[in-house]
Amino acid sequence: MIRTKQLRHRFVETMPDNIETGVLYVSMEYATAAHRCCCGCGEEVITPFNPAQWQMSFNGDAVSLHPSVGNWNLRCRSHYFVREGRVIEAPSWTKKQIEAGQKRDKDARTQYLADKSAVVAAPQLHSRPVEHDRSSRLIGWFKSMFV
Ligand SMILES: [Zn+2]
């Protein structure tokens, strides 16, 4: 069941300590979004933006996330779409679908990270230390989110 039917977006640089229910915090700086699970369980849900995970679109008025948010790691296992700020309940997954989804995500992430590290490892005429700095700060931020 979905209790939060709307997510108001709020663009932030870093995630606040207190994630409000019903608000989708979007950080372009860290290419990620955070909100409290829309089922009402109150768990924090982090949706990183990258080609292997989520894409965010902003139509000037409201934010959409693609693909759907599947909280199979949470006890509630809620599954919903965020379309132009509206939260639309999606069918819950069977165990089989969860396993297939997890494998697909893992493969996609592994591929994405392999592509990325190949780019970083390749000799470059124009090295970009700023990029490295940015990703280490991102990792630091994720760590702080999960302790
Ligand atoms: Zn939940």
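Student: What makes the pair formed by the backbone oxygen of Pro91 and a polar atom of the side chain of His79 a polar contact?

Tutor: The backbone oxygen of Pro91 lies 2.7 Å from that side-chain atom, and a polar contact is a pair of N or O atoms within 3.5 Å, where within protein one atom must be able to donate a hydrogen and the other to accept it, and where residues adjacent in sequence count only if both atoms are side-chain atoms. The side chain of His79 also makes a polar contact with the side chain of Ser68, at 2.7 Å. This is a predicted model, in which local features need pLDDT of at least 70 and side-chain atom pairs count only at pLDDT 80 or more, while totals for chains, interfaces and linings use all residues. Residues are numbered from 1 along each chain as its sequence is written, and side-chain values use heavy atoms, with hydrogens and water left out.

Student: Why is His79 called buried?

Tutor: Buried means under 20% relative accessible area, exposed means over 50%, and partly exposed covers what lies in between, with a 1.4 Å probe and protein chains only; the relative accessible area of His79 is 9%, so His79 counts as buried. His79 belongs to strand β7, and, leaving aside neighbours within four places in sequence, its contacts (heavy atoms within 4.5 Å) are with Ser68, Val69, Gly70, Glu89, Ala90, Pro91 and Trp93.

Student: How do you know that β7 pairs with β6 and with β8?

Tutor: Strands here are DSSP runs of E with at least two residues, helices are runs of H or I with at least four, and both are numbered from the N terminus. Two strands pair if DSSP finds at least two bridges between them. Three bridges join β6 to β7 (residues 79-83), and these strands run antiparallel, with Leu65 standing opposite Val82 in β7. Four bridges join β7 to β8 (residues 86-89), again an antiparallel arrangement, in which Tyr80 has Glu89 of β8 as its bridge partner. β7 and β8 form a hairpin with two residues between them.

Student: How do you know that the peptide bond from His66 to Pro67 is cis?

Tutor: Omega of the peptide bond from His66 to Pro67 is near 0°, and Pro67 is found in strand β6. Most peptide bonds are trans.

Student: Which atoms count as donors of the zinc ion?

Tutor: Donors are N, O and S atoms within 2.8 Å of the metal (3.2 Å for Na, K and Ca), and since water is not among the atoms, sites may look incomplete. The SG atoms of Cys37, Cys39, Cys41 and Cys76 coordinate the zinc ion at 2.2 to 2.3 Å, and the donor residues are spaced C-x1-C-x1-C-x34-C in sequence.

Student: Why is the arrangement around the zinc ion called tetrahedral?

Tutor: Four donors count as tetrahedral if all angles lie between 85 and 135 degrees; four count as square planar and six as octahedral if opposite donors are over 155 degrees apart and all others between 65 and 115, and anything else is irregular. The four donor atoms subtend angles of 104 to 115°, which makes the arrangement tetrahedral. The ideal angle for four tetrahedral donors is 109.5 degrees.

Student: Is Cys76 buried, exposed or partly exposed, and what makes it so?

Tutor: Cys76 is partly exposed, because its relative accessible area is 30%, whereas both Cys37 and Cys39 are buried. Cys76 is found in the loop between β6 and β7, and, neighbours within four places in sequence aside, Cys76 is in contact with Cys37, Cys39 and Cys41.
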